[in-house]
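Hi,

Here is the structure I said I would pass on to you.

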Amino acid sequence: MRCGADTGGTFTDIVTDDGRVVKVLSTPDDPSRAVADGLAATAEAGTPFGHGGGRPSFLAHGTTVATNALLERRGGRVALVTTAGFADVIEIARQDRPSLYDITVDRPVALVPRELRLEVGGRLDATGTEIEVLDPLTVPAVPGPIDAVAVCLLHADLDPTHERAVAGVLAERGFDDISCSSDVSPEFREYERTVTTVVNAYLRPRCRQYLRSLTGFADQVLVMTSAGGLLPVGEAAELPVALLLSGPAGGVRAGVAAASAAGFTDAVTFDMGGTSTDVCLVRGGSPEPAPGRVAAGLPIRLPALDIHTIGAGGGSLAGLDAGGALVVGPASAGADPGPACYGRGGTRPTVTDADLVLGRIPAGLAFGGLDALDTEAAVAALARAGVTAEGVVAVVDAAMERAVRAVSVERGVDPAGLVLVAFGGAGPLHACAVAEGTGIGAVVIPPRAGVLSAVGLLCSPRQRDVVRSWPTPGDHAGIDAALADLAAQARAAVADNDDGDAVEVTTSIDCRYAGQSHELTVAGLHDFDDEHRRRNGYSRSGAAIEVTALRARARAAPAVNIADLGPPPAPRRPIEGPAVVAEADCTVWVPGGWSGRVETDGSWVLTR
């Protein structure tokens, strides 16, 4: 038996390769407990897991442990060893401000206090050539107690020799948790590379413990990365900074497949869960990639799907601000106590309470181990807060419309040419309103929409991303040979964990016009002008192009194909709005004026 397990802020979802589905409340104090509960519940719902009644043979997991540890500042105590003169890079940052005109807003506090930032001699120049020898005897003593050490030396992305020498000295001194930037994020830009390495060291003590606890749950355990591919759990435990979009990336993968099955290649995936909404632009059947992202105010320089996240979910709390305006989120009721209608002690109103009062969720519905939803409790919570159900839904819909525009209109893409692929426990409740507000003409609701991220995890490929800084941006000689070497390295990394399935390798390069400060990732130099014109509205045909980094991605075939999961648990039929359909994993709201046809894969395609 093979299964996917997605841990969300409110629910943990389990999907098996024979199509069984279970939702259980998440357990924030120990997320692995909810995974174990879900596996047990799934086993009780049908035949036992695995072979001969044993554990599953395969578990693909999407986790929020790394994200929550960073947001809540519950990582390890970290020391940083860096090149002389660079100890304050992580605090100086880019000298910008998160909100230019708000004097009360400041940058996030550095994860490493000043007394734990240590400097060492030795130096490389911008081409990776040694201009000052590193003496291992000058590596400073690290004051304790600490949990991990981050090592980030100048230009180590071009030559890791100095970093490895420092790491060797630290290992001899008894430190066993060392993150080197040349292993974590071998790309230029000292601030971003340093922060990414520090975040990895900060998260590793907590994530190692959690991820290692999963190894007994299945014969083979893999974990989703932010880039949309699976890593063996042991490798994921060493690189937790790559897991910050673990769950949402699984949803995007399945959302792309659902759009393709319905005949659409350009889409926005719309994943509304209990605590957040994640949207991602899909063009030509592929989700938009990004070389990095910002998490908890910190730049993370690692490959990722270009997912835009906002604090808007079914559990988002509603109320009035100091000026009397209605606000929804980003704070959430989560799994404990949850929305007021859950009957678990929650007293503040949420989006789920509003949907229930408006009749978009059937009164008395029970799911995910909950008792029947309490409409009277929802009405009372809204009244105490002085807000209306209509107002709560209007505000949260407006916030999600802005998120969709951020990945479409703001990137030069007309929403009228897209479909909205709606999933997550709350996505199908709000999809039609969001589509109507953004000018999107059709909504796709896949089978098992409420647990689609778990489906995506189960059906995702094993994947390895490799990046190398290019030392001579204006000189392109040798790039093809270097890309071939990088592709071979990526292929070997995946093949080491492959059972003989085919491995697909793609390469790309980061480019910019000479004089620019930021790059675009394209397949080759000949693609750069067109991509620059699409993203920025203009190009400089004939201008000098600089190459700053080379990339390779290797993918092995997924363990399970999404088409093999079979039809949805309950057959769907054509639908006319207004209508409410309560499925096992989500509720679908079809407003008046909308209707839906059923595709061969079981998806609804809703149109006005």
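**Helices on a sheet**

Helix H14 (residues 479-495) lies across E25, strand E26 (503-513) and E28, and runs at about 25° to E28. Helix H15 (residues 528-536) packs on the sheet too, where it touches E26, E27 and E28, and its direction makes about 135° with that of E27. Contact means heavy atoms within 4.5 Å. Axes are lines fitted to C-alpha atoms, for helices over the stretch in contact, and angles run from 0 to 180 degrees between N-to-C directions.

Before going on, please keep in mind that this is a predicted model: local features need pLDDT of at least 70, side-chain atom pairs count only at pLDDT 80 or more, and totals for chains, interfaces and linings use all residues. Residues are numbered from 1 along each chain as its sequence is written, and side-chain values use heavy atoms, with hydrogens and water left out.

**The sheet itself**

In what order do the four strands of the open sheet come? The order is E25-E28-E26-E27, with antiparallel pairing. Strand E25 (463-469) and strand E27 (520-522) are the edge strands, each pairing on one side only. From one strand to the next, the twist averages 25°. Two strands pair if DSSP finds at least two bridges between them; E25 and strand E28 (residues 545-556) pair in the antiparallel sense over seven bridges. Valine 467, for instance, has arginine 551 in E28 as its bridge partner.

**A buried valine**

Valine 166 is found in helix H4 (residues 161-172). Is valine 166 buried or exposed? It is buried, with a relative accessible area of 0%. The cut-offs are: buried under 20% relative accessible area, exposed over 50%, partly exposed in between (1.4 Å probe, protein chains only). Not counting residues up to four places away in sequence, valine 166 touches Val81, Leu134, Val139, Val151 and Leu153. Threonine 138 is 28 residues from valine 166 in sequence, and the two are 9.5 Å apart in space, C-alpha to C-alpha.

Most residues other than glycine have a negative phi, and most peptide bonds are trans. Here are some exceptions:

- Arginine 73 has a positive phi near 55°, and its place is in the loop between helix H2 (65-71) and strand E5 (78-83). Arginine 73 is partly exposed, at 33% relative accessible area.
- Alanine 93 has a positive phi of about 55°. It sits in the loop between helix H3 (89-92) and strand E6 (117-120) and counts as buried, at 15% relative accessibility.
- The peptide bond from glycine 329 to proline 330 is cis, with omega near 0°; proline 330 is found in strand E22 (residues 326-332).
- The peptide bond from glycine 577 to proline 578 is also cis, with omega near 0°. Proline 578 is in the loop between strand E29 (575-576) and strand E30 (579-582).

Enjoy exploring!

Definitions and conventions. Helix = DSSP H or I, 4+ residues; strand = E, 2+ residues; numbered from the N terminus.
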